[in-house]
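My plan was to look up the overall build and then one residue and its surroundings.

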Amino acid sequence: MTSPKTILIVDDSRVSRMMARNYIGLLHADWNIEEAGSGEEALLKARSLSPDLILMDVNMPGMGGMAAAEQLRQEWPAVPISLLTANVQTATRERAAALGLGFVEKPITEARIATLLATLTAA
């Protein structure tokens, strides 16, 4: 059994955050799930939470997910960050790979969330 983790879900869509939160909660009811609605908010929350995993949308108003992920990667090189996005362009995938980010396509499904979380529970 793994110890409870802290997950930060970053998406400007409240519905997307709610779906991801629901799926994570179904799989790991004891985990702490926090949310941010923008890249700027993600940076502030990550600094106070020290999350075990960050799920990041790419296209958001203000600071986008890629810019926020790049800053978060510099501060926490070992924390898994995965883009959870409908932006499936090759350039986005290549940039994510260059930054050491995971990449999961939307729509958010329980199976996709389970696959993502399996990387935490396997450690």
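**Notebook: fold and one lysine**

I started with contacts (heavy atoms within 4.5 Å): among those between residues at least 6 apart in sequence, 64% join residues at least 24 apart.

A note on the source: this is a predicted model, where local features need pLDDT of at least 70, side-chain atom pairs count only at pLDDT 80 or more, and totals for chains, interfaces and linings use all residues. Residues are numbered from 1 along each chain as its sequence is written, and side-chain values use heavy atoms, with hydrogens and water left out.

Next I read the secondary structure, taken as DSSP runs (helices H or I, at least four residues; strands E, at least two). I found five helices and five strands, and along the sequence they follow β-α-β-α-β-α-β-α-β-α. The radius of gyration is 13 Å, close to the 14 Å of the globule rule for 123 residues, so the chain is as compact as a globular protein of that length. That radius is taken over C-alpha atoms, and the rule is 2.2 Å times the number of residues to the power 0.38.

I also looked up burial (under 20% relative accessible area, 1.4 Å probe, protein chains only): buried residues make up 46% of the 123.

Then I turned to Lys106, which sits in the loop between β5 (102-105) and α5 (110-121). Which side chain does Lys106 join in a polar contact of 2.6 Å? I found Asp11; a polar contact here is a pair of N or O atoms within 3.5 Å, one able to donate a hydrogen and the other to accept it, and residues adjacent in sequence count only if both atoms are side-chain atoms. Leaving aside neighbours within four places in sequence, Lys106 also touches others, including Ser16, Asp57 and Arg112.

Terms used. Buried < 20%, exposed > 50% of the residue type's maximum accessible area, 1.4 Å probe, protein only.
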